[in-house]
Amino acid sequence: MRHAKSSWKNPLLTDFDRPLNKRGEKDLVKMADVLFEHKLMPDLIISSPAKRTKLTAEKVAETLSKQLHFEKDFYNALHDEILDVIKYLDENLETVMLVFHNPAITDLRNHFLSDYIENIPTAGVVAIEFKEADSWKELTKGEELFYEYPKKYFS
């Protein structure tokens, strides 16, 4: 999941400290409901610690999961750095949700799926299933279960 829409209202805030804006908060409530309807119940949610991703992950965790971890390396990470974190996940975890930033989230999605998209919008979620892998280290190509984003629901 990409973090919900952030605010640029306060020019004195660093990028790391930007909060969600009103649209982001509204989109996030809807997307948490959509994920619940998909019956997505991750064993763990791993998020960037930046304020906008942290707020996004906390809202989703309220709805879907109680296990939440903030990974400092997710902020400004490239998709291959995200892959390095994924490779070392606990093998007892079956379903993991990642909440982080573009362009890494779009690049990671394109790494695992055969079709290409240009951009995952804010609060967008891509669910990927890996049927061929027996461990997190073995992830290669996956199958898209769903792709949801706020503009599908709000015009």
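**Entry 1**

I began with Asp-15, which is partly exposed because its relative accessible area is 31%, and buried would mean under 20%. I keep in mind that this is a predicted model.

Next I asked which side chain Asp-15 meets in a salt bridge. I found Arg-52, at 3.1 Å from N to O.

Is Arg-52 buried or exposed? I looked up a relative accessible area of 5% for Arg-52, so this residue is buried.

I then moved to Arg-109, which counts as buried at 4% relative accessibility. The side chain of Arg-109 meets that of Asp-115 in a salt bridge of 3.0 Å, N to O. Asp-115 is partly exposed, with a relative accessible area of 43%.

Arg-109 also meets Glu-144 in a salt bridge, this time at 3.1 Å, N to O. Which parts does this second pair tie together? Arg-109 lies in helix α4 and Glu-144 in strand β5 (residues 143–148), so the bridge ties together parts that are 35 residues apart in sequence. I noted Glu-144 as partly exposed, with a relative accessible area of 33%.

**Entry 1: Salt bridges as a group**

Back to Asp-15 for a moment: salt bridges that share partners join Asp-15, Arg-18 and Arg-52 into one network. I also wondered how many salt bridges a search of the whole structure finds. The search gives 10.

Asp-90 has its place in the loop between α3 (79–87) and β3 (96–99). With 43% relative accessibility, Asp-90 counts as partly exposed.

**Entry 2: Thr-122 in a loop**

My last stop was Thr-122, in the loop between α4 (104–112) and β4 (125–129).

What does Thr-122 touch? Leaving out residues up to four places away in sequence, I listed Arg-2, His-3, Ala-4, Lys-5, Arg-23 and Pro-150.

Note on methods:
Residues numbered from 1 in each chain as written. Predicted model: local features only at pLDDT ≥ 70, side-chain atom pairs only at ≥ 80, totals over all residues. Heavy atoms only, no water. Helix = DSSP H or I, 4+ residues; strand = E, 2+ residues; numbered from the N terminus. Buried < 20%, exposed > 50% of the residue type's maximum accessible area, 1.4 Å probe, protein only. Contact = heavy atoms within 4.5 Å. Salt bridge = Lys/Arg side-chain N within 4 Å of Asp/Glu carboxyl O.
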